[in-house]
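Have a look at the model first.

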Amino acid sequence: MAKQVVDAVTMQRALTRISYEIIEQNKDLSDLVIVGIKTRGVYLANRIAARLNQLENLDVPVGDLDIRLYRDDVHTADYRMQPDVKGSDLPVSITNKHVILVDDVIFTGRTIRAALDALMDQGRPRQISLAVLVDRGHRELPIRPDFVGKNIPTSRHEEINVQVKEIDGQDGISIAQLEA
């Protein structure tokens, strides 16, 4: 059974905090590109861009990144041989831009490692920063987010579930016990 730990209002506040931190840490936002990791990271990226627009009157390009072919936990040859996978959509060149990569939850760091590989295949950004809604700990790789909405300590026997209204009909974050 899942227990809600963050409601819609608190989730929106966390995204607003991330937006303010992006503004505070970047003197020039004109070369910023926000890229969400599919699936929920894309919706969060769009919300951060909308908030930046409200706060700074700046239209930040938002793209989405499909990392399926870059994951280190996918080993079947059939999956990697799909020539028509066009899952990423970046509206502008990311070369020499400051890319803010957005994901819903950071856990081991392996998703972000795959995203960095996928991003580098799209161009060579001047800088890449990482924004996550939830940092749950348990890193296996030396990857650390630059912007964090919420730190939610978990055990390895728990799972964080982020709900976004665009897919799930409501916003929220819950913790569930994994079945043994």
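This is a predicted model: local features need pLDDT of at least 70, side-chain atom pairs count only at pLDDT 80 or more; totals for chains, interfaces and linings use all residues.

Lys 38 is partly exposed, with a relative accessible area of 38%. Where do Asp 64 and Lys 38 lie? Asp 64 belongs to strand β3 (residues 62–65), while Lys 38 is in the loop between β2 (32–37) and α2 (40–56), so the bridge ties together parts that are 26 residues apart in sequence. Asp 64 itself is buried, at a relative accessible area of 15%, because the cut-off for buried is under 20%.

Now for another spot, around Arg 110. Its side chain meets that of Asp 72 in a salt bridge, at 2.6 Å from N to O. Arg 110 is part of helix α4 (residues 110–120) and Asp 72 is in the loop between β3 and α3 (77–80), so this pair joins parts that are 38 residues apart in sequence.

Arg 110 also has a salt bridge with Glu 140, at 2.7 Å from N to O. Glu 140 lies in the loop between β5 (127–135) and β6 (147–151), so with Arg 110 in helix α4 the pair ties together parts that are 30 residues apart in sequence.

Here is how open these three side-chain partners are:

| Residue | State | Relative accessible area |
|---|---|---|
| Arg 110 | partly exposed | 29% |
| Asp 72 | partly exposed | 30% |
| Glu 140 | partly exposed | 40% |

Which residues are linked in a network of salt bridges? They are Asp 72, Arg 110, Glu 140 and Arg 156.

One last thing comes from a database record. UniProt, in an unreviewed entry, places the feature "short sequence motif: PRPP-binding" at residues 99–111.

Technical notes. Residues are numbered from 1 along each chain as its sequence is written. Side-chain values use heavy atoms; hydrogens and water are left out. Helices (H or I, at least four residues) and strands (E, at least two) are DSSP runs, numbered from the N terminus. Buried means under 20% relative accessible area, exposed over 50%, partly exposed in between (1.4 Å probe, protein chains only). A salt bridge is a side-chain nitrogen of Lys or Arg within 4 Å of a carboxyl oxygen of Asp or Glu. UniProt positions are given in the numbering used here, feature names are shortened, and annotations may be inferred rather than shown by experiment.
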